[in-house]
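Here is a walk through one protein model, written for someone who would rather look at side chains than at tables. Keep the viewer open while you read.

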Amino acid sequence: RYSVDGPVIEGDVWNGTSWKTIAIGTAGAGAAGIFAIDVTALGPSMGASSVLWDITAADHPSAVVRNALGLAIGPGVIGSVRYDADGTGATEPNGAWAYIVGNGYESRSDTAVLLVFDALDGSLIRAIDTGVGAAGNRNGLGAVTPVYDGSRNIVAIYAGDKLGHLWKFDLG
């Protein structure tokens, strides 16, 4: 029986006032879900309040995530990404802290999708659907590998899909 057997990664993120160390993991083959825990202060003080977010494909507010999130078996990555937060065309100068992961396998959409979540609250920053896959030819995106710029912002992601394609996603 599979349960929470997906990879767990940890990283440091800036929440606007201080650095936090967080661990983000997936349910792997057990279910379509991702969770984040604040592990800055390990020990007896860690409890339910340490959970930053916990999402499943069934309960995420974004319809894109509900359709795209599958069994995420490959590890994601935590890092800073530059993005246009207010739609004006200007990117955030110091980036936003994100968790980037392939959508996994057995999703409702049957396509390979790169998911970029806010690392602190689990909201969807961006989903990039390759459009490759269909009900008769099911697909999904596996583990991701980041490419960084000189300021350590993630500017690109490489990932492979279930159908044998290697994708490069430009986040610059």
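## Ground rules

This is a predicted model, so local features need pLDDT of at least 70 and side-chain atom pairs count only at pLDDT 80 or more, while totals for chains, interfaces and linings use all residues. Residues are numbered from 1 along each chain as its sequence is written, and side-chain values use heavy atoms, with hydrogens and water left out.

## Two nonpolar cores

In soluble globular proteins, nonpolar side chains tend to be buried together. A nonpolar core here is a set of buried Ala, Val, Leu, Ile, Met, Phe, Trp, Tyr and Cys residues joined through side-chain atoms within 4.5 Å. Buried means under 20% relative accessible area, exposed means over 50%, and partly exposed is in between (1.4 Å probe, protein chains only).

The largest nonpolar core has 21 residues, and Ile24, Ile34, Tyr99 and Phe117 touch the most other members. Two or more residues each come from strands E1 (8–14), E2 (19–26), E3 (33–38), E4 (51–56), E6 (96–102) and E7 (113–118), and from helix H1 (63–68). E7 is the top contributor to this core, with three residues. Those labels are DSSP runs numbered from the N terminus: helices (H or I) have at least four residues and strands (E) at least two.

Take a look around Phe117. Leaving aside residues up to four places away in sequence, its contacts (heavy atoms within 4.5 Å) include Ile34, Ile55, Val65, Trp97, Tyr99 and Leu124. His60 and Ser123 are also among the residues that Phe117 touches. Another core, of 15 residues, lies apart from the largest one; Ile128, Val144, Ile157 and Leu171 are among its members.

## A three-stranded sheet

Next up is an open sheet of three strands, in the order E9-E10-E11, with antiparallel pairing. Two strands pair if DSSP finds at least two bridges between them. Strands E9 (141–148) and E11 (166–170) are the edges, each pairing on one side only. From one strand to the next, the twist averages 25 degrees; axes are lines fitted to C-alpha atoms (for helices, over the stretch in contact), and angles run from 0 to 180 degrees between N-to-C directions.

E10 (residues 154–161) runs antiparallel to E11, and five bridges join the two strands. Which residue is the bridge partner of isoleucine 157 in E11? That would be phenylalanine 169.

Most residues other than glycine have a negative phi, and most peptide bonds are trans. Glutamate 106 has a positive phi, near 65 degrees, and aspartate 110 also has a phi near 65 degrees. Glutamate 106 sits in the loop between E6 and E7, and aspartate 110 lies in the loop between E6 and E7 as well.

Serine 107 is also in the loop between E6 and E7. Is serine 107 buried or exposed? At 3% relative accessibility, it counts as buried. Its side chain makes a polar contact of 3.2 Å with the side chain of serine 109. A polar contact is a pair of N or O atoms within 3.5 Å; within protein, one must be able to donate a hydrogen and the other to accept it, and residues adjacent in sequence count only if both atoms are side-chain atoms. The serine 107 side chain also reaches the backbone nitrogen of aspartate 110 at 3.2 Å. Not counting residues up to four places away in sequence, serine 107 touches Asn67, Ala68, Leu69, Gly70 and Arg138.

## The salt-bridge network

The structure holds three salt bridges, each a side-chain nitrogen of Lys or Arg within 4 Å of a carboxyl oxygen of Asp or Glu. Glutamate 106 forms one with arginine 138, where the closest N and O atoms are 2.9 Å apart. Glutamate 106 is in the loop between E6 and E7 and arginine 138 in the loop between strand E8 (124–129) and E9, so this pair ties together parts that are 32 residues apart in sequence. Glutamate 106 is partly exposed at 42% relative accessible area, and arginine 138 is partly exposed at 34%.

Glutamate 106 also meets lysine 162 in a salt bridge (3.4 Å, N to O). Lysine 162 is in the loop between E10 and E11, so that pair ties together parts 56 residues apart in sequence. Arginine 138 forms a salt bridge with aspartate 110 too, with the closest N and O atoms 2.7 Å apart; these two residues are 28 residues apart. Aspartate 110 is buried, at 8% relative accessibility. Put together, Glu106, Asp110, Arg138 and Lys162 are linked in a network of salt bridges.
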